[in-house]
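User: I have a chain open here and I'm new to it. Can you walk me through a few parts?

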Amino acid sequence: MRKETFELSRRRAGERGAALITALLVSMLMLAAGGALILTTGLGASNAVDSSAEAQAYYAAESGLQTALSVVRRNVTTAGAPAVSFRSLVCETANPCTNAGNNLSSWLTYTNNAVQLSSSPSLSFTLSVSDASKNSGDILVAGYGPRFLLVRSVGHGPKGATKALEMMLDDYAFDFKAQAAITIRSNDVDTTGMSAFSLGNSNPHTWTGNDLAGLAPAVPAFAVTNTQDYDAGDGFGLGTVQGTGEKAIGGDAGNVFGPAQLSKLSVSSLETWLQNATNARAFLTTMRAKAVEMGRFNPGDLGTEASPKFTFIDGDLSLGGGDHGAGLLIVTGNITQAGSSSFKGITMALGNGNIDRKGTPDEIGAMVVANFEHNYDSTTQSYKGTGGFGSPSITSAGGGNSLVGYNSDWVRKAMEALGSTVVGVVER
């Protein structure tokens, strides 16, 4: 027995110290694992700090966009700052100016080249506002007003973190393009003309599509959308059969100016809200709600040249004597203008589509006329109706000085009366 134990001990003599080596190896592995865990924990804490700094920089950039919106919407009052418009936001008082990206320093306070939000933690932002439709460095000519603004906000957070956000603003609350001084949405039936169309026959009774502001290309004096209102099918001014518009202009051709006295538009070229009567009723519903929200539903005034306003009249409107207004005007009933009354901006006769002009009234900007059924449902708070577009009417009588003319600057001012809209925001 003792002999066997001795032999076993002799054979294992070479294994002495193996347990120590094993323990050391295991300890080294555990030490490495522990070091990796400590390193990972440290990196995680560092990443958390960096992530927090980046989030703070992002919120600083977002604060910059909100501040820019406050300036655009005239909620920021700063002594000595120019009046807010899309042009002044880019150019301030320079006329002409370079599209270089204005930082709104006339309205905001910059410290160390940034608008400071907090010193602990360090948070700030910088802004750049430019005309989105032009290249950087382009010259914006005198009187020109951008429709789209690109606002870039760079937020600065702790540890040098930065985030950049860009926002596109549209000066117009809905799509509109003046395709003529007077755009007439004709009857959907191509062979049915306007119920009445007369321009008067006394000098100097003027209708013009030439831009009275001198800032935009001229447009036709009148535009219609069906054949009967244009030329009755035998060619404008060429045949013996006259369309409604062709005949009206023929009686007063010497007082109608522009690159074309009358043009015919395809329905598809119109804004969506004027392509069919269902869309037109939906547009009226939206604009009525907007007017109620703004306190401009059937108001007691029509705005002024110094302060153009959005006005929605549900019913008839009669202007006489020295009545004047300015801005965006939507009337669902009949419009009667008499005496020396005037309106500057955009006039939309949408609904009855009837305009009756007497005396010497002026209309500067652009006009849209359309006839369609429009019954307001107070339960659904929307305009209802059946059928498509019917026949509108424009009549004009009386002598003396009277001017109806396209003015791109007043079109822009009219659209600005509704306030700008945010088209989109992206992170750069």
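User: What is the bridge partner of A196 in strand 22?
Analyst: S393 is the partner of A196 there. Strands here, like helices, are DSSP runs numbered from the N terminus, with at least two residues (E) for a strand and at least four (H or I) for a helix. This is a predicted model, where local features need pLDDT of at least 70 and side-chain atom pairs count only at pLDDT 80 or more, while totals for chains, interfaces and linings use all residues. Residues are numbered from 1 along each chain as its sequence is written, and side-chain values use heavy atoms, with hydrogens and water left out.

User: How many bridges join strand 8 to strand 22?
Analyst: Two, and the strands run parallel; strand 22 covers residues 393-397. Two strands pair if DSSP finds at least two bridges between them.

User: What order do the strands of that sheet have?
Analyst: The order is 8-22-18-16-14, an open sheet of five strands with parallel pairing.

User: Which strands stand at the edges?
Analyst: Strand 8 (196-197) and strand 14 (317-319) do. Each has a single partner strand, so one side of each has no neighbour in the sheet.

User: Now the inside. Which residues touch the most other members of the largest nonpolar core?
Analyst: F174, F176, I182, F222, F310, M348 and L350, out of 65 residues in that core. A nonpolar core is a set of buried Ala, Val, Leu, Ile, Met, Phe, Trp, Tyr and Cys residues joined through side-chain atoms within 4.5 Å. Buried means under 20% relative accessible area, exposed means over 50%, and partly exposed is in between (1.4 Å probe, protein chains only).

User: Where does the largest share of this core come from?
Analyst: Helix 6 (residues 277-294) supplies that share, with six residues.

User: And what is L350 in contact with?
Analyst: Setting aside neighbours within four places in sequence, L350 is in contact with W273, F283, L284, V331, T332, V368, A370 and F372. Contact means heavy atoms within 4.5 Å. There is also a second, separate core of 25 residues, which includes L65, V72, W107 and L169.

User: What about V411, buried or exposed?
Analyst: V411 counts as buried because its relative accessibility is 7%. This residue lies in helix 7 (residues 408-416). Not counting residues up to four places away in sequence, V411 touches Y172, F176, I346, G365, A366 and Y406. The C-alpha atoms of V411 and G327 are separated by 8.2 Å, and the two residues are 84 apart along the chain.

User: Switching to M28, buried or exposed?
Analyst: M28 counts as exposed because its relative accessibility is 58%. M28 is in helix 2 (residues 18-72).

User: Which peptide bonds are cis?
Analyst: One of them runs from N95 to P96, with omega near 5°. P96 lies in the loop between helix 3 (86-91) and strand 1 (97-98). Another joins S120 and P121, with omega about 0°. P121 is in the loop between strand 2 (115-119) and strand 3 (122-131).

User: What is phi for E92?
Analyst: Phi of E92 is positive, about 55°, although E92 is not a glycine. E92 is in the loop between helix 3 and strand 1, and is partly exposed, with a relative accessible area of 23%.

User: And phi of A232?
Analyst: Phi of A232 is near 65°, again a positive value in a residue other than glycine. A232 lies in the loop between helix 4 (227-230) and helix 5 (244-250).
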